[in-house]
Amino acid sequence: MQPSFIDNTAGFEARSQDTICINESHLQHKWYHNFKYLIVGVLFGVGFVKAEVISWFRIQEMFRLQSFHMYGIIGSAVVTGIVSVWLIRRFRIKTIYGEPITFAPKKFNKGQVYGGLLFGLGWALTGACPGPLFAQVGTGATVVAVVLASAVAGTWVYGRFRDSLPH
Amino acid sequence: MLEVIKQPWPWYVAGPLIGLTVPALLILGNKHFGISANLRHICASCFPGNVPFFQYDYKREIWNLFFVAGIVLGGVLAAYFLTNPAAIQVDPRLAQELATYGINDFSGMVPVQLYSWDSLLTARGLIMMVGGGFLVGFGSRYAGGCTSGHSIMGLSTLQWPSLVATICFMAGGFLMANFILPIILNN
């Protein structure tokens, strides 16, 4: 099923560009069903803090090749993800509601290069990608709310000038 | 047991746990892991303006906002109940470099000498917090995802555009950390 908002993004292939949910459930759930995602988020957030993924210092070590820690985390997370996705596909595992699990291919565009480089510059400056930014606020680093607000502003500016940017 | 959990977790525990988020979200509701999309949902829900990019039914994506609310809550829980009292062990080469910029407090997850309300209105603070945040938000949406959507979810599903994005994330980070950041920190 194609969600209707896709038609609103004129110009070029929008689906590949956006990590937006394109696997719509046909089931209608009450809003509190979303709490299960909150619980996954809590576990994920605790892991982020306890493994020091949200540490500005760990990110600096990573980009200076002074520590294996972050490479180990990203590498083992990807291996776990690859094996999980392979198992889901191989055994046609369904969701807990019995719906099929689907995947959509991402299409290449130049945004992955230009945007990727800009994101990398920001990642090393703030020492955090979007997930850790949320966790840092939770740990009491309230000033990071400013960083997050600025990230929302950056997203908005991208959306506003999207059609004039090379993709 | 609690004492063990309070210690910093090694990569081989945390990495697989983070990776398990991918099948967890898929099995719970066919949801694709991607955190930066929430920045877009915040724009769409609070100030869509006249921008077509923000004209969509963000309410269908509310699961993801619950997910990041969980991350914030996880941060709270870890900070208040699972704190490791010792300062973070920073590589001596990094500690030495940072000392030349006057940064020698490693007590927090973010360097308190750089990330504080007091330093927000200094040139260094503005560049790092406001400028850095802007680049993260602009760049991740331009790239179509961040480290979660591309480097973890994208690579888990063997998408080569996500590999390109990941390589560019790392290239930008290397450039900033090794060549640009020293200039910013020196001022």
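Predicted model: local features only at pLDDT ≥ 70, side-chain atom pairs only at ≥ 80, totals over all residues.
Local features need pLDDT of at least 70 and side-chain atom pairs 80 or more, while totals for chains, interfaces and linings use all residues. Residues are numbered from 1 along each chain as its sequence is written, and chains are lettered from A in the order in which they are written.

Let's start with chain B itself. It has 9 helices and 0 strands, where helices are DSSP runs of H or I with at least four residues, strands are E runs of at least two, and numbering goes from the N terminus. The C-alpha trace of chain B spans about 50 × 45 × 35 Å along its principal axes. Of the 187 residues in chain B, 50% are buried, meaning 20 or more other C-beta atoms, placed from the backbone, lie within 10 Å of a residue's own.

Now for the interface. Here 117 residues of chain B are in contact with 116 residues of chain A; contact means C-beta atoms, placed from the backbone, within 7 Å. Helices H2 (11–19) and H9 (160–185) of chain B are among those that each supply at least two residues to that side.

One helix pair is worth a look: the axes of H4(A), residues 111–126, and H9(B) come within 6 Å and cross at roughly 40°. Axes are lines fitted to C-alpha atoms over the stretch in contact, with angles from 0 to 180 degrees between N-to-C directions.

| Contact of H4(A) with H9(B) | 19 residues | 5 residues | no residues |

Ala, Val, Leu, Ile, Met, Phe, Trp, Tyr, Cys and Pro count as nonpolar, Asp, Glu, Lys and Arg as charged, and the others, Gly among them, as polar.

Conventions. Contact = placed C-beta atoms within 7 Å. Buried ≥ 20, exposed ≤ 12 C-beta atoms within 10 Å, placed from the backbone.
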